[in-house]
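This report covers strand pairing and the helices that go with it.

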Amino acid sequence: MIAIPYITALTTYFSYGLLFAFGQMRDFFRKILDWSKSNNLQGYAPICLGLEDFYIRRLYHRIQDCFDRPIASAPDAWFDVVERYSNDNNKTLKRTDKKKRCLNLGSYNYLGFAASDEYCTPRVIKTLKKYSASTCSSRVDGGTTLLHNELEECVAKFVGKPAAVVFGMGYVTNSAILPVLMGKGGLIISDSLNHNSIVNGARGSGATIRVFQHNTPSHLEEVLREQIAEGQPRTHRPWKKILVIVEGIYSMEGELCKLPEIISVCKKYKAYTYLDEAHSIGAVGKSGKGVCELLGVDTADVDIMMGTFTKSFGSCGGYIAGSEELIRYLKHTCPAHLYANSISPPAAEQIISAIKVILGEDGSSRGAQKLARIRENSNFFRSELQKMGFEVLGDNDSPVMPIMLYNPAKIPAFSRECLKHNVAVVTVAFPATPLLLARARICISASHSREDLVKALEVISQVGDLVGIKYFPAEPMKHQEVKKLQ
């Protein structure tokens, strides 16, 4: 749980209240002015209606220049951000021909594979020439190449499972798989901060959904015990199947899952475990094999392992790994496998090549160096931010580190000021986070040099003082630490 400072919570509520009040007043007077005008809906109900529409018009549009920033280069440690301007108070944004070279602290390029790589890139280009950019077909029709079979074998071996199936989109991996695995009479118990793809997949399954407090095994056990005792709604029959869903690293919190304790609870109550490793696979663990390796968990104790290739591997798509029986069942029933376009052959080759580099099968030690660098970079950056007085969420070794902003006015202020100093950051607010818990989410990469990180820290510290988001007293730096930073 995040302990919000009392004054910060009060001023945040006041700010949102003020924005809401003035927005409603403007809408009221707008309705009066437009009353005599004929509407052209011709009997149709408005498509956009309600508080969501109000939030977009009156709050989001004011700061939308902080989001959806177009880039004009590969998402490496530094990239080109296209400059934009608005003539109508940010309602619409227009691109210019100017580009700004910025330090990239927003992309999920954890191991640096998103840019050109001496081993991966030549093989991807060769594959593009051989197979083209797309198979133009689903896997069961004409969309399975030798690369797809090789990729599934490679992924299964990498994560430590007997078999795997891959999909062309990471989000769909969760949202399409869960309705196949679960149905009416089943019970899904989900961490309260699980990703939206898990939420939508669970809702689409028709199963009963219960939520346990974020990363709290003791509350998970309470929910399991209560649900097993009560059984299905109305009939009270035993549940057909119980599935507990957690993430390896929570993308908005940067926290590591308490996987050993959660698995222990699931074993006790005979519940299946579903582990989403979108942000942890390839990024943590001695050899990049995720939270199971980092926390010393046997992969045989995790029934279903899910992950994406969009972060550490610099590609696209996702995977499900598990028993041969499970994967065979999914290949015969999952709509993402039966109907969706198969993963692009060059993208498949990128993943295979990246895994070979990580495991050292390219004949070099670059993979081990990348893993060591992202771990060092992440822990260094996190500790320095905390010393400066920022409230930083997450655990050591996690490359995701949210800096808490809270107040709505500080969201655009922090983002715009960082951009002025050529540092590109991602700010996140409602509805992606609870209303009070707006934040800037920093993502560290192995491609960042120590000089890059020092520059970022200098800018963030300067902007933090200007915006007023250092909620803790800064630690006095020792002479050795100052010399090390310089």
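How many of the five residues of strand E7 (residues 272-276) are buried? Four of the five are buried, so that E7 is mostly covered; buried means under 20% relative accessible area with a 1.4 Å probe, protein chains only.

## Basis

The model is predicted: local features need pLDDT of at least 70, side-chain atom pairs count only at pLDDT 80 or more, and totals for chains, interfaces and linings use all residues. Residues are numbered from 1 along each chain as its sequence is written, and side-chain values use heavy atoms, without hydrogens and water.

Helices (H or I, at least four residues) and strands (E, at least two) are DSSP runs, numbered from the N terminus. Two strands pair if DSSP finds at least two bridges between them.

## Strand E7 and its partners

Strand E6 (residues 241-247) runs parallel to E7, with five bridges between them; here Val244 is opposite Thr273 of E7. Together with helix H8 (residues 259-268), E6 and E7 form a right-handed β-α-β unit; with the strands pointing away from the viewer, the path from the first strand over the helix to the second runs clockwise.

E7 also pairs in parallel with strand E8 (residues 304-308), through three bridges. Asp276 lies opposite Met306 in E8.

## The antiparallel sheet

Three strands in the order E10-E13-E12 make an open sheet with antiparallel pairing. Strands E10 (400-404) and E12 (426-428) are its edges, each pairing on one side only.

E10 and strand E13 (residues 439-443) are antiparallel and share five bridges. Pro402 has Arg441 in E13 as its bridge partner. Helix H13 (residues 366-388) packs on the sheet and touches E10 and E13, contact being heavy atoms within 4.5 Å.

Conventions
Axes are lines fitted to C-alpha atoms, for helices over the stretch in contact, and angles run from 0 to 180 degrees between N-to-C directions. Buried means under 20% relative accessible area, exposed over 50%, partly exposed in between (1.4 Å probe, protein chains only).
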